[in-house]
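Subject: A structure for you to look at

Dear colleague,

I am handing over a structure that I would like you to open beside this message. Please look through it once on your own, and then read the notes that follow.

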Amino acid sequence: MIDYLYLFLYKIFALLSKLLPRGFMDRLLMSISKFAYRFDRKHNHIINANLKLAFGDKLSQEKRDKIGVNVFYNLLQNIVGFMRRDSSSREEILKDIEFKNSYILEDALKSKRAIVLMTAHYSNWELLPVAVALEFNIDLVAVGRRLDSAVMDRILKRNREKYGVEMIYRKGAIKNLLKALRAGRVVGLLLDQHLGEKQGGIGVSFFGHKALHSPSASILARNLDAIIIPVFIHTTDYRKYEISFYKPIEPIKSKDKRLDILNMTQAQASITQSVIEKDPSQWFWVHKRWKGFYPNIYQRD
């Protein structure tokens with residue numbers, strides 16, 4: 001029954017997102033975000049713990065609160081944007097997106113090398129893979145977590161794959177990603193969340209503090225001589241978006257496999273940090289990013 005309730009709510013909200021004026025919807029989402037930040041004490045605490053660790057006393061509480069509200073607002077804009085795209089054409093999706101440094105991906109595609117795109121839960125991360133797949137006419141394979149709701153999981157998977165983004169689940173992902181790369185497909189990975197040591201996470205420096213990070217892209221790059229291309233999406237108004245490609249991370253293959261993977265993974269963490277620092281309000285600060293080394297900051301009194 002709960003799945004059908006989710007489906008009903010999704011249909012209603014999707015209809016409202018298309019019928020209501022854009023300005024009114026934005027104000028509604030902001031009101032919901034302010035309410036959520038104030039009364040969701042659990043996630044309020046996580047957001048503030050993360051911001052305090054990352055920036056120390058460089059941010060006032062007023063600035064942390066503003067970022068905290070925007071965390072919820074950004075998430076809601078992701079969801080509403082996903083709903084609006086459900087029946088959009090290629091032209092409609094791409095018309096308000098500007099691509100920067102496109103030559104980086106274009107050159108890699110021409111070289112016929114294996115390509116791994118890496119990004120983070122930043123700005124409209126749901127729009128990013130769809131836009132890249134459509135703009136460059138590529139077969140993109142991405143890894144995602146299976147949703148608890150089977151109905152919503154099917155909707156999410158169908159929406160992504162309709163625009164050329166094949167979704168595979170985390171279990172057995174590396175094997176499937178290697179297969180995809182060998183077949184000439186492009187792989188896209190979200191690599192900014194905590195991954196426990198038992199799951200293969202390795203320690204890197206992130207905002208000056210140790211954090212466990214997924215080495216997936218590094219493993220793929222080292223095994224197949226693949227190039228890792230960082231790509232991030234950004235917006236100032238949730239109407240127009242900018243997708244930027246950054247300097248590629250070349251595969252390293254010395255006699256020290258562990259150090260090779262560590263150095264490539266650190267490079268990914270560093271570029272992610274530099275993007276977040278430019279506009280912290282668009283990153284998903286809700287995740288317990290540093291719990292592998294600083295679990296105490298997430299404990300509540």
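Before we come to the strands, one term is needed: two strands count as paired if DSSP finds at least two bridges between them. Please also keep in mind that this is a predicted model.

In strand S5 (residues 186-190), which runs parallel to strand S2 and is joined to S2 by four bridges, Gly188 is the bridge partner of Leu117. Strand S2 is also joined by four bridges to strand S8 (residues 227-235), again in a parallel arrangement, and there Val116 has Ile228 as its bridge partner. Is strand S2 itself buried or exposed? Five of the five residues of S2 (residues 115-119) are buried, so the strand is largely enclosed by the rest of the structure. Both of its faces are covered, with Ile115, Leu117 and Thr119 on one side and Val116 and Met118 on the other.

Val116 leads us on to the nonpolar cores. In soluble globular proteins, nonpolar side chains tend to be buried together. The largest nonpolar core here has 52 residues, and those with the most contacts inside it are Val116, Trp285 and Trp290. Helix H3 (residues 41-55) gives the largest share of this core, namely seven residues. Apart from this core lies another, of 37 residues, which includes Tyr73, Ile97, Val132 and Tyr163. If neighbours within four places in sequence are left aside, the contacts of Trp290 include Asn50, Leu53, Phe206, Phe207 and Trp285.

The aromatic rings deserve a separate look, since a pair of rings is described by the distance of the centres and the angle of the planes. A search of the whole structure finds 14 aromatic pairs. In one of them, Phe35 and Phe39, the centres are 4.7 Å apart and the planes stand at 40°, so this pair is tilted. These two residues are four apart in helix H2 (residues 22-39), and therefore about one helical turn separates them. Phe35 is exposed, with a relative accessible area of 55%, whereas Phe39, with 49%, is partly exposed.

Phe206 and Phe207 form an edge-to-face pair, with 5.0 Å from centre to centre and 90° between the planes. Phe206 counts as buried at 1% relative accessibility, and Phe207 is buried at 6%.

With best wishes

Definitions and conventions
Residues are numbered from 1 along each chain as its sequence is written. This is a predicted model: local features need pLDDT of at least 70, side-chain atom pairs count only at pLDDT 80 or more; totals for chains, interfaces and linings use all residues. Side-chain values use heavy atoms; hydrogens and water are left out. A nonpolar core is a set of buried Ala, Val, Leu, Ile, Met, Phe, Trp, Tyr and Cys residues joined through side-chain atoms within 4.5 Å. Buried means under 20% relative accessible area, exposed over 50%, partly exposed in between (1.4 Å probe, protein chains only). Contact means heavy atoms within 4.5 Å. Rings of Phe, Tyr and Trp (its six-membered ring) pair if their centres lie within 6.5 Å; planes under 30 degrees apart count as stacked, over 60 as edge-to-face and the rest as tilted.
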